[in-house]
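Let's walk through this structure together, starting with its sheet and then stepping back to the chain as a whole. Keep the viewer open as you read.

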Amino acid sequence: MRLLLAIWAAKLASVIGRLVGKKSSSSPGVIALKICPDIIGRLRKNIKGEVIAICGTNGKTTTNNLLCTALSKCGYKVLCNKLGANMLGGIATTFAQACNIWGKFSADYACLEIDEASTVKVFDHIAPDYMIITNLFRDQLDRYGEIDITVNLLKTAMLKAKNIKLILNGDDPLTAQFGKDNPAFYFGISEQVLPQVDDTKEGQFCVFCGGEQKYNYYHYSQLGDYYCPHCGNKRPHIDFEATNVDLKNSLKFTVSGCRIDLNYKGFYNIYNVLAVYSAMSLLGTLPENFNSLLADYKPQIGRMEEIDLGKPVILNLAKNPAGFNQAIQTVLSDKRKKDVIVAINDKANDGHDVSWLWDVDFEKLRDENLNMLITTGIRLYDISLRFKYSDVKVSSICPSMREAIQSCLRTDAQVCYILVNYTALFPTETIMLDMKKELEGKK
């Protein structure tokens, strides 16, 4: 009876939350857990096949939703926290909302995005069969601290899961290290693709001996073909490797003889697609038409999300140095005349410490195709100062995101990019959608 009460309470809380304009993706689960603390474990029996956990600093939401989309298109029923509520309450909400009023649901697989720091709590309730780790970068320093703290949390979680099998980014030495103590499969990009320029490297030193690592080539941050000349640790054998990469016009590469050609933006999306390909191969669900499964995938909010406001306006979440550097690289790869808006907040979900801004390579925005640069957000003066030290001219410091967008729409630039950190993401998308409705109403 306790289980049913928990499910009913979660469903009621979700309805009430939506009525007052909230997403209700986490709080209903918190309520359910208070009524029935073992609700997740008890509902696990409704999943016939494997549970796949997706973790990592960047890319876990995209990877999670790509995997869910691909499995669903193959005819499988998939339980998935698509909205990205990835802490314990969000996982509980996902399970409760999947149930009918009798506490039942049927799923072939579960794809669960899980916050790295929350794995130690979530794995007490459900032990994943597979765990994808996309990468590890410095992020939200006042919450996570340095990367070694996150690494230790993940190691503790893996001990709780016991028979877990890992799917790891073999190009990331911080991620690949988990394969030393657990059964693991690796994905990676097995050729030099990008120019070998200076970049912020999170893991400059070997995770085993502490010696400085060397690279045959690297892709961005610490990702690449690394080796330690001191202890011999090196990039592992890659089970699912991308080769023949072509970034012109679309994202093209070959993996295991399959040619992938997707209309996605961002070099980093190769890793997300590789993770999905790896998981489906290991699950035995990989179809011959894998490429077509993802062709019409719509990115989650703020993942190079494009909205037409008379000209294309592209919204992208960038919440840490590695993410921002990749966003900047994507902006620069667009050769159209462009305006750029950068919004930085420092609320709890962003992290109050914004010193990470000094680890971003903002100097690269000194581009001949950059028309106008506008700064906004709660820490608009901090980011403006950072640009001043980068010798990048800020055209306008604007407290209002709506006014910033309107300013860009009045210029002769062909496209506008908006780069935001977490708590600026949803309000910005709301403003863009409202402006789109206003534009359509005038037609």
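**The sheet and the helices around it**

Begin with the open sheet, where 9 strands follow one another in the order β2-β3-β1-β4-β5-β6-β9-β10-β11, with mixed pairing. Strands β2 (78-80) and β11 (258-262) stand at the edges; each has a single partner strand, so one side of each is left without a neighbour in the sheet. From one strand to the next, the twist averages 20 degrees. Bear in mind as you look around that this is a predicted model.

As a reminder, strands of a sheet pair through backbone hydrogen bonds, in either a parallel or an antiparallel way. For a parallel example here, look at β1 (residues 51-55) and β3 (residues 109-113), which are joined by 4 bridges.

Now bring in the helices. Helix α4 (residues 60-73) packs on the sheet and touches β1, β2, β3 and β4 (130-133). Helix α5 (residues 88-98) lies across β2 and β3, and runs at about 140 degrees to β2.

Helix α5 also has a helical partner. Two packed helices are described by the angle between their axes and the distance between the axes. How do α2 (residues 27-35) and α5 pack, and at what angle? Their axes are 7 Å apart and meet at an angle of about 85 degrees, so α2 and α5 are roughly perpendicular to each other. At this contact, Pro28, Gly29, Val30 and Leu33 from α2 meet Leu88, Gly89, Ala92 and Thr93 from α5.

Stepping back, the secondary structure of the protein chain comes to 15 helices and 17 strands. The C-alpha trace spans about 60 × 60 × 45 Å along its principal axes. A compact globule of 443 residues would have a radius of gyration near 22 Å, and the protein chain agrees with this because its own value is 22 Å.

Of the 443 residues, 58% count as buried. Among contacts with a separation of 6 or more, 70% are between residues 24 or more positions apart. The accessible surface comes to about 18,900 Å², and 51% of that belongs to carbon and sulfur atoms.

Conventions: Residues numbered from 1 in each chain as written. Predicted model: local features only at pLDDT ≥ 70, side-chain atom pairs only at ≥ 80, totals over all residues. Heavy atoms only, no water. Pairing = 2+ DSSP bridges. Helix = DSSP H or I, 4+ residues; strand = E, 2+ residues; numbered from the N terminus. Axes fitted to C-alpha atoms, helices over the stretch in contact; angles between N-to-C directions. Contact = heavy atoms within 4.5 Å. Rg over C-alpha atoms; globule rule 2.2 N^0.38 Å. Buried < 20%, exposed > 50% of the residue type's maximum accessible area, 1.4 Å probe, protein only. Areas by Shrake-Rupley, 256 points an atom, 1.4 Å probe, with all protein chains shown as cover. Parallel < 35°, antiparallel > 145°, perpendicular 65-115°, else oblique.
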